[in-house]
Amino acid sequence: MNMASKKLRRAGLSQDLCERLSRYQITTCQDVLCLSLLELMKVTGQSYWKVKKLLNTVSRSCAPKMQTVYEMKMKRTINPSSAFLQTTLEDLDKILHGGIACGSLTEITGPAGCGKTQFCIMMSLLATLPTSMGGLDGAVVYIDTESAFSAERLIEIAQHRFPHYFASEEKLVSMPNRIHLYRELTCDSVLKRIESLEEEIISKNVKLVVIDSIASVVRKEFDLKLQGNLKERSNLLTKEASILKFLAEEFSIPYKLIIKKKALFAKPRASLWNALSRWDMVQQD
């Protein structure tokens, strides 16, 4: 998946035309670009030249826009708060040069019990906080493949880390209402959820997506001893990463993706491990 997966209603087409195309299950730029001129004339009821104009509009909409390195740097310089989501761990934020980077994928790896799920829950909480407190003032989509998410733990962290802010019942209730939890236990369901993220990002003002974890379902369904499984697994992970990267880069809002991936052999760098170990809220997954 690339920028051609952009929904047609965000490609500058009229609502009537989008509705007409949707009746034929044509909802993305890719769907339009895969059709011939004659096929488009048939489904749209438009003339040859209008269909040519339609193709030009759709092509321009999903074509990557050029920007210089200087422009990228200036965006972060002008509004540094939109460049990172601070973890509130001083040592870790220093290592990461500000926190979890916007517009990119962040992969968290480590041995079992080192606090990966705990960290993801904490980042979900931070994303819902107002910008004046270093948060994103937005919603969170949390895709849980291990049934490890704990609402009770979320409330405990909120009350412990921000006791004054969450002193009122109203704020303590509104915060978890902004975290949308989905339990997806198969590779197919995870992929379908990822493919539907664009709708939720727009409709729910999502500022953070957490997948906890991609590796879990992959390990269950792909036995690498069987011929062909390695290629199939690689294709699946590549497709998921492509979609997530596209979404992270497509939306200019402070938007982050955290992929928690348990690795059998991967260990955090010593400095990162030390920063996490000094966090009094990090406990076992």
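Colleague: How much accessible surface does the protein chain have, and what share of it belongs to carbon and sulfur atoms?

Modeller: In this predicted model, the accessible surface of the protein chain comes to about 15800 Å². Carbon and sulfur atoms account for 54% of that area.

Colleague: What percentage of the residues count as buried?

Modeller: The protein chain has 285 residues, and 42% of them count as buried. As for secondary structure, the chain contains 14 helices and seven strands.

Colleague: Among contacts between residues at least 6 apart in sequence, what percentage join residues at least 24 apart?

Modeller: The figure for the protein chain is 71%.

Colleague: How should I read a nonpolar core, and how many residues does the largest one have?

Modeller: The general idea is that nonpolar side chains in soluble globular proteins tend to be buried together. Here, the largest nonpolar core has 28 residues, and L125 and F166 are those with the most contacts inside it. Helices α7, α8 (151-161) and α9 (169-177), together with strands β4 and β6, each supply at least two residues of this core. The largest share comes from α7, with eight residues.

Colleague: Which residues is L125 in contact with, leaving aside its neighbours within four places in sequence?

Modeller: L125 is in contact with L154, I157, A158, F162, F166, M175 and I179. There is also a second, separate core of 23 residues, which includes V209, V217, F222 and L244.

Colleague: Let us turn to a charged residue. Where is E198 found, and is E198 buried or exposed?

Modeller: E198 is found in helix α11, which covers residues 197-203. E198 counts as buried because its relative accessibility is 2%, and the cut-off for a buried residue is under 20%. Leaving aside its neighbours within four places in sequence, E198 is in contact with S5, K6, K7 and R10, and also with L247 and F251.

Colleague: How should I read the backbone angles, and which residues have a positive phi although they are not glycines?

Modeller: In general, most residues other than glycine have a negative phi, and most peptide bonds are trans. In this model, H97 has a positive phi of about 60 degrees, and D137 has a positive phi of about 50 degrees. H97 lies in the loop between α6 (90-95) and β2 (100-101), while D137 is found in the loop between α7 (116-128) and β4 (139-144). H97 is exposed, with a relative accessible area of 67%, whereas D137 counts as partly exposed at 38% relative accessibility.

Colleague: Which peptide bond is cis?

Modeller: The peptide bond from D212 to S213 is cis, with omega near 0 degrees. S213 is placed in the loop between β6 (206-212) and α12 (214-221).

Colleague: Finally, how should I read the cysteines, and how many disulfides does the structure hold?

Modeller: A disulfide is a covalent bond between the sulfur atoms of two cysteines. This structure holds zero disulfides.

Technical notes. Residues numbered from 1 in each chain as written. Predicted model: local features only at pLDDT ≥ 70, side-chain atom pairs only at ≥ 80, totals over all residues. Heavy atoms only, no water. Helix = DSSP H or I, 4+ residues; strand = E, 2+ residues; numbered from the N terminus. Buried < 20%, exposed > 50% of the residue type's maximum accessible area, 1.4 Å probe, protein only. Contact = heavy atoms within 4.5 Å. Core = buried A, V, L, I, M, F, W, Y, C linked by side-chain atoms within 4.5 Å. Areas by Shrake-Rupley, 256 points an atom, 1.4 Å probe, with all protein chains shown as cover. Disulfide = S-S within 2.5 Å.
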